[in-house]
Amino acid sequence: MTSATLYGLMGAGLVGLGLYGLVVYPHALRKILAFNVLGGGVFLLFGVIARRGASSGLGGDPVPQALVITGIVVAFSATALAVALVVRLVEETGMAALPSDDPPAERAPRTEP
Amino acid sequence: MTPPLALDAGLAVLVLAVAASTIAARGTFASVIGFVTYGLLLALAWVRLSAVDVALTEAAIGGGVTGVLLLTASARLRRAEKSPAPAEHPGLVLRVTAAILSTLVAAGLAAVVLMPASPVPTLAPAAMANLPATGLGNPVAAVLLAYRAWDTLLEKVVLLLALLGVWSLAPDLLWGGRPGPRHLVRQESPLTLLAQFLPPVGIVVSIYLVWNGATAPGGAFPGGTILAAMWILVMQAGLADAPAVGSRTLRIVLVAGAALFLAVGLAGFVVADAFLAYPAGYAKPLIVAIEIPLTLSIAATLGLLVAGPPARAPEA
């Protein structure tokens, strides 16, 4: 096993962990964190592809590496926007989670807008 | 197992454990701390994958600036949240289903990793063959600012759009005002000391990264992020107030990078023969000329993204 394969498996594991956190935890900030963990895993898979494409005296293929740099910055700007939305949501409603679409029967019925 | 591979295996286990604790931590604060650790460890993994440029960006953005953003947000949420823990916890069925599906996705990706394509697709020879034409020595910088300059230009626009989105969350009354609360200076605080000593060092590091980015790992993004981190530190310590978002100077700094990039791109139609094409022999000076305002714009945008929407009414 090469270290690239090892980090590839780690990336796959991170995607799984992030996906689970994104689905299961209702708190919006937790969802943002989980999504970033997932994103880190996807970037790492790119890095593994870059590492395997090493040739011409380079340690890795520079094209996917540059794409990941662009990706990290875009992911940060999306995170900043999402965090601002959550802070505003909490200031408006006092809750950092969206109500589920079909609440169980014992809950109060949703008020129509 | 060779010693380097054992190191990699240890790092991989550590990153997965930290990621799991980020996902499953009890409070959001612990979760954010986990995430910062995750970002820094991930940067080490990038070094091991021979991607030092990515490692610098990941450490500065993933570990640094995102950490400040999330810590500030989690502190604000704790104050504002009426019900600290959301009442509805997902049921066992949902959790088990989510776990099975996530495992399947991870297993699918792992299978792809274990069955690499052959021959391995790579653009490294093409990137190296055209490197002399750009005058640069760092192939990643060549991809970012020459071969795929289009991506970098649009990325800069995405940053500005995100900032517009954040600003637009302000109530009408506060539009054009300063973001966030005014932080008070506490003379005895270690934060004040840090905010006085660290910025000169950070500014030098940032200039070095940008200047050296043409030939070695570095460039406008890591450089700009470190500059932004220094600015955020000074703002958080209260040594400088955040600028009013209506300020004309600030607006000019924000758009300068993208505007100059676009102008050079359009000039490419006339002096070279395509959009974002550099005339032969002038590629490197033009790239360095674009990178300097780009770094300042990136630093200003990142700093303001962390500062958040305007929260104080503009002084009339």
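# Questions on chains A and B

Biologist: The buried residues in H7(B) are B:Pro139, B:Val140, B:Ala141, B:Ala142, B:Val143, B:Leu144, B:Leu145, B:Ala146 and B:Tyr147. Why is helix H7 (residues 139-147) of chain B described as largely enclosed by the rest of the structure?

Modeller: This is a predicted model, in which local features need pLDDT of at least 70 and side-chain atom pairs count only at pLDDT 80 or more, while totals for chains, interfaces and linings use all residues. Residues are numbered from 1 along each chain as its sequence is written, and chains are lettered from A and ligands numbered from 1 in the order in which they are written. A residue is buried if 20 or more other C-beta atoms, placed from the backbone, lie within 10 Å of its own, exposed if 12 or fewer do, and partly exposed in between. Nine of the nine residues of H7(B) are buried, so the helix is largely enclosed by the rest of the structure.

Biologist: Which elements do the buried residues of H7(B) pack against?

Modeller: They pack against H3 of chain A and, within chain B, against H3, helix H5 (124-129), H6, H8 and H12. Two residues are in contact if their C-beta atoms, placed from the backbone, lie within 7 Å. The elements themselves are DSSP runs numbered from the N terminus: helices (H or I) have at least four residues and strands (E) at least two. Chain B contains twelve helices and two strands, in the order α-α-α-α-α-α-α-α-β-α-α-α-α-β along the sequence.

Biologist: Why is B:Leu193 called exposed?

Modeller: B:Leu193, in helix H9 (residues 190-212) of chain B, has 12 other C-beta atoms within 10 Å, so it is exposed. The C-alpha atoms of B:Leu193 and B:Arg26 are 33 Å apart in space, and the two residues are 167 apart in sequence.

Biologist: Why is H3(A) called roughly parallel to H8(B)?

Modeller: Axes are lines fitted to C-alpha atoms, for helices over the stretch in contact, and angles run from 0 to 180 degrees between N-to-C directions. Angles under 35 degrees count as roughly parallel, over 145 as roughly antiparallel, 65 to 115 as roughly perpendicular and the rest as oblique. Helix H3 (residues 62-93) of chain A and helix H8 (residues 149-167) of chain B pack at about 10 degrees, with axes 9 Å apart. H3(A) is therefore roughly parallel to H8(B). Among the contact residues are A:Val73, A:Ala80 and A:Leu81 of H3(A) and B:Val158, B:Leu159 and B:Ala162 of H8(B).

Biologist: What is the make-up of the residues in the contact of H3(A) with H8(B)?

Modeller: Ala, Val, Leu, Ile, Met, Phe, Trp, Tyr, Cys and Pro count as nonpolar, Asp, Glu, Lys and Arg as charged, and the others, Gly among them, as polar. By that division this contact has ten nonpolar, four polar and two charged residues.

Biologist: Why is H3(A) also called roughly parallel to H3(B)?

Modeller: The axes of H3(A) and helix H3 (residues 52-80) of chain B come within 10 Å and cross at roughly 5 degrees, which makes the two helices roughly parallel.

Biologist: How many residues does each chain give to the contact?

Modeller: Chain A gives 72 residues and chain B gives 83. On the side of chain A that touches chain B, H3(A) gives the most, with 24 residues.

Biologist: What confidence does the predictor assign to the chains and the complex?

Modeller: pLDDT is the predictor's confidence in each residue, from 0 to 100. Chain B has a mean pLDDT of 85, with 97% of its residues at 70 or more, and chain A averages 83, with 87% scoring at least 70. Within chain B, confidence is lowest in helix H6 (residues 131-134), at a mean of 74. Where pLDDT is low, the predicted coordinates should not be read in detail. For the complex, the predictor gives an ipTM of 0.88 and a pTM of 0.87.
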